[in-house]
Amino acid sequence: VHGTSAITAVTAQNSVTVTDYVALEPRMVVAQVEAVASDMTVAAAKTGMLANRAIVAAVADVLRRLALPHVVVDPVMVAKGGARLLDPDAERAYVEQLFARADVLTPNLLEAEALLGRAVRTREAMRQAARDLHALGPRVVVVKGGHLEGPEAVDVFYDGVRLEELAAPRVHTRNTHGTGCTFSAAIAARLALGAERLEAVRGAKEYLTEAIRRSYSVGRGHGPVDHLHPLTPR
């Protein structure tokens, strides 16, 4: 697929940390989406860091107005170190305005905890979190378990009927920069190509696992995964 982007915030970051960011005006975020959609056929869309309530609301509105299909919402709310990236008002806006537009919601454990206001630290807690988040509006919830310990990285998929645990061998590396963004983008790409939702999530996890296995070190912190490895869709 060919990916396009609408920038929501300019960040100052490296492999170690994000030191600062400036959010764009919501009208500029919307203008970028409209510019792309007026020129190209959009087969799927994903959200990432939305920065504040005004941008969350603007993105939810433009998704609805343009009827963009196969929306994957990656609720970027908590940094790797645990710091909250959104204020509580913006977090509520995710639930109130964006979840109903989501075909797939992909929180990690810290984000699931922020959204539900309780600890999510076990497989059973992940299963219940998936059910409770699904009740808030998304058609599918994938609770990512990469922060748990163990020989496997297990994600929980729930679509209101099927509850599946998707496991892959854990890759022991610190080079995990961008794993969440890569996962949600890969899901969106496979949905764009016509995959069913569970199939899209399985394929994205397989792709990401290999990307982590082939990751490399850049700088003093978390290096990037290898997005260009040769694994192709089945």
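User: What makes the crossing of α6 past α7 right-handed?

Analyst: In this predicted model, α6 passes α7 in a right-handed crossing, a term used if the near helix is turned clockwise from the far one by less than a right angle. The contact is formed on the α6 side by residues including Thr179, Phe183, Ile187 and Arg190, and on the α7 side by residues including Arg197, Ala200, Ala204 and Leu208. The residues of this contact comprise 10 nonpolar, 3 polar and 3 charged.

User: Why are α6 and α7 called oblique to each other?

Analyst: Helix α6 (residues 179-192) packs against helix α7 (residues 197-213) at an angle of about 140°, and their axes lie 8 Å apart. Roughly antiparallel requires an angle over 145 degrees, and roughly perpendicular one of 65 to 115; α6 and α7 are therefore oblique.

User: How do you know that the span of α6 agrees with what its residues should give?

Analyst: With 1.5 Å a residue, the 14 residues of α6 should span 20 Å, and because its end C-alpha atoms are 20 Å apart, the two values agree.

User: Why is α6 described as largely enclosed by the rest of the structure?

Analyst: Buried means under 20% relative accessible area, and 10 of the 14 residues of α6 are buried, so α6 is largely enclosed. Among them are Gly180, Phe183, Ala186, Ile187 and Leu191.

User: Which elements do the buried residues of α6 pack against?

Analyst: The buried residues of α6 pack against the strands β3 (45-47), β4 (71-73), β5 (104-105), β6 (140-143) and β7 (152-158), and also against α7.

Conventions: Residues numbered from 1 in each chain as written. Predicted model: local features only at pLDDT ≥ 70, side-chain atom pairs only at ≥ 80, totals over all residues. Heavy atoms only, no water. Axes fitted to C-alpha atoms, helices over the stretch in contact; angles between N-to-C directions. Helix = DSSP H or I, 4+ residues; strand = E, 2+ residues; numbered from the N terminus. Parallel < 35°, antiparallel > 145°, perpendicular 65-115°, else oblique. Contact = heavy atoms within 4.5 Å. Nonpolar A, V, L, I, M, F, W, Y, C, P; charged D, E, K, R; others polar. Expected span 1.5 Å × (residues − 1). Buried < 20%, exposed > 50% of the residue type's maximum accessible area, 1.4 Å probe, protein only.
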